[in-house]
Amino acid sequence: MFLYCDFPSWIRPEVIPGFPVRWYAVMYIVAFTICYVLFRYQCRKENVLKKMSADMSQTAFTYVIFGLLLGARLGSVLIYEGNSYYWTHPWMILWPFRNGVFVGLPGMSYHGGVVGALLGAVIFCRTYKYDFWEFTDTVIAGIPIGYTFGRLGNFINGELWGRCTGSSYGMIFPEAPLFSTASAWVREAADKAGISYVPGDWISLPRHPSQLYEAFFEGIVTFLIVWFVVRPYVRKPENRKCSGIISGSYFFLYAFFRFFIEYFREPDSQLGFIIALGKETEPTALFKSVLNFSMGQILCALMMAGGIIVIVFALKRGSRDRTVKHGK
């Protein structure tokens with residue numbers, strides 16, 4: 001009996017075969033569009049940002065999206081590449097061609113994108129005199145559902161796969177690296193999954209579809225909490241000065257879910273585990289210990305701490321405002 005499924009053969013990264021437009025790029029456009037629509041909804045219906053106009057909203061998103069893309073690319077090549085190539089060839093960071101072939105900008109870091117987007121927001125708010133936390137709250141409230149499409153784009157590309165698993169929801173990704181059945185652990189995993197092989201073969205093993213886990217928890221679940229629980233609280237008249245709570249809640253929730261999902265996602269091969277406290281660290285394609293931490297988990301731990309700090313300061317700011325308003 002087979003205990004896994006194959007990556008759907010009808011899914012292709014290209015929107016139109018032969019043209020250099022991938023579904024991943026389309027998903028980015030869908031994500032930005034959804035975030036913009038939800039941003040405009042809040043500006044019109046909830047009296048935030050002094051009912052910012054559509055023209056100014058487009059300007060704001062230009063700043064944020066430019067910062068996001070630049071930060072995501074820089075974060076990817078300078079943190080996750082694991083070599084000095086881009087440090088010594090910085091002009092190649094934004095060059096979309098390799099050997100005369102258009103490849104776009106392969107490799108984008110979520111955490112780098114967050115930093116870049118926040119810097120873009122800072123520049124916009126200082127330039128046009130908007131409250132930074134009110135602005136970020138309004139943008140971020142819609143980001144999780146847009147993020148869902150980004151992870152679906154990763155799934156369509158057949159990238160960022162998870163660790164090997166013998167469970168029934170394991171999936172064989174065609175681009176994932178092969179393993180030699182000369183290794184005992186590979187034979188054991190193949191036997192558990194019901195994969196036939198000849199000793200010495202190189203085979204692909206079922207993996208967790210971690211992109212879908214992330215799309216659900218970091219996207220859909222986080223959106224439901226932020227949009228339907230946190231946002232209504234902050235939008236109450238008495239809590240208007242608590243701006244920042246939506247942003248802090250998103251930072252914490254995303255990082256919290258991502259931290260644990262990283263245990264199902266294979267660490268970047270060029271980095272491995274940044275902190276390896278478990279008794280076994282190899283192979284990284286298998287889950288060995290909760291004490292082995294990837295780069296993504298370290299960044300998520302920092303992001304969780306940052307989210308908590310933002311929430312605490314937002315609550316204190318709101319408390320001081322209520323105290324002053326009531327003359328106490």
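How far does helix 4 reach from its first C-alpha to its last? Helix 4 (residues 110–128) has 19 residues and spans 27 Å. That is close to the 27 Å expected at 1.5 Å a residue, taken as 1.5 Å times one less than the number of residues. This is a predicted model: local features need pLDDT of at least 70, side-chain atom pairs count only at pLDDT 80 or more, and totals for chains, interfaces and linings use all residues. Residues are numbered from 1 along each chain as its sequence is written, and side-chain values use heavy atoms, with hydrogens and water left out.

**Helix 4**
- Helices are DSSP runs (H or I, at least four residues), numbered from the N terminus.
- Buried residues (under 20% relative accessible area, 1.4 Å probe, protein chains only) of helix 4 include Tyr-110, Gly-113, Ala-117, Phe-124 and Cys-125.
- Lys-129 follows helix 4, with a positive phi near 60°.

**Nonpolar cores**
- A nonpolar core is a set of buried Ala, Val, Leu, Ile, Met, Phe, Trp, Tyr and Cys residues joined through side-chain atoms within 4.5 Å.
- The largest has 29 residues; Tyr-110, Ile-246, Tyr-250 and Met-303 touch the most other members.
- Helix 4, helix 6 (143–157), helix 8, helix 9 (245–261) and helix 10 (295–325) each supply at least two residues of this core.
- Helix 9 gives the largest share, nine residues.
- A second, separate core of 16 residues includes Val-48, Leu-49, Ala-117 and Val-139.

**Tyr-110 contacts**
- Beyond its neighbours within four places in sequence, Tyr-110 is in contact (heavy atoms within 4.5 Å) with Tyr-147, Tyr-250, Tyr-254, Arg-258 and Met-303.

Key: Buried means under 20% relative accessible area, exposed over 50%, partly exposed in between (1.4 Å probe, protein chains only).
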